[in-house]
Amino acid sequence: MLKPPGNLETQRLLLRAPVLNDADIIFQKYAQDLEVTKYLIWRPHETVDITRKFIQKCITFWNTHEAFSWVIVRKIDSEILGMFELRINKFSADIGYVLAKDYWGLGYATEVTKCMVDWALNQEHIYRVWATCDVGNIASARVLEKAGMKREGVLRRFIVHPNICDEPRDSYCYSAIK
């Protein structure tokens with residue numbers, strides 16, 4: 001089973017595996033933020049304990065190779081900006097990310113997404129990296145495009161974004177292939 005490195009770097013960012021001590025900052029910066037979580041598949045965390053349980057799940061998934069999560073850290077000041085996740089399934093990998101609102105529009109999401117797409121496609125047995133985003137999430141669609149991914153189409157009634165409604169919504173599907 002392919003296991004990514006625990007740390008990756010871009011020009012401005014360090015991606016590292018999450019630790020339980022990250023919970024307070026993650027909760028404070030974005031996990032409880034209604035605007036940040038609007039297009040995510042989970043509801044805002046009501047307590048820091050929920051964030052701790054989420055991080056513990058990330059650590060468990062890393063160890064069982066179910067999914068690989070990284071905390072996005074700005075190198076210049078060690079600020080935690082968000083998280084990125086990669087899930088490997090035989091010949092493909094799908095990705096997802098979240099970024100605190102204070103860091104939107106600064107190119108960080110594109111930078112980390114491009115890094116992860118490049119890393120995955122450089123692996124011998126990964127031929128496709130893909131992601132979805134709600135059709136209303138124009139900013140995320142733009143991030144995926146700027147990271148070199150191509151829109152393949154619309155997945156009708158694909159996924160529930162519970163902070164918008166309780167029914168599946170349409171999502172754009174993006175990919176990069178080799």
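In the hairpin formed by strands E4 and E5, where 2 residues lie between the strands, Lys90 adopts a positive phi near 55 degrees. The model is predicted, and local features therefore require a pLDDT of at least 70, side-chain atom pairs count only at pLDDT 80 or more, and totals for chains, interfaces and linings use all residues. Residues are numbered from 1 along each chain as its sequence is written, and side-chain values use heavy atoms, with hydrogens and water left out. Strands (E, at least two residues) and helices (H or I, at least four) are DSSP runs numbered from the N terminus, and two strands are taken to pair if DSSP finds at least two bridges between them.

Strand E4 and strand E5 (residues 92-99) pair in the antiparallel sense over 8 bridges. Within this pairing, Gly82 stands opposite Leu99 in E5. Strand E3 (residues 68-74) also pairs with E4 in the antiparallel sense, over 6 bridges, and here Ile72 stands opposite Gly82 in E4. The hairpin of E3 and E4 has 5 residues between the strands, and Ser78 in this hairpin takes a positive phi near 60 degrees. Of the 10 residues of strand E4 (residues 80-89), 7 are buried, so the strand is largely enclosed by the rest of the structure. Buried denotes a relative accessible area under 20%, exposed over 50%, and partly exposed in between (1.4 Å probe, protein chains only).

These strands belong to an open sheet of 8 strands with mixed pairing, in the order E1-E2-E3-E4-E5-E6-E8-E7. Strand E1 (7-9) and strand E7 (150-160) are the edge strands, each pairing on one side only. From one strand to the next, the twist averages 25 degrees; axes are lines fitted to C-alpha atoms, for helices over the stretch in contact, and angles run from 0 to 180 degrees between N-to-C directions.

The cysteines were examined next. A search of the whole structure finds 0 disulfides, a disulfide being a pair of cysteine sulfur atoms within 2.5 Å. Cys58 is in no disulfide, and the nearest cysteine sulfur, that of Cys115, is 18 Å away. Cys58 is buried, with a relative accessible area of 5%. For Cys133, the closest cysteine sulfur is in Cys173, at 9.5 Å, which is too far for a bond. Cys133 is likewise buried, with a relative accessible area of 5%.
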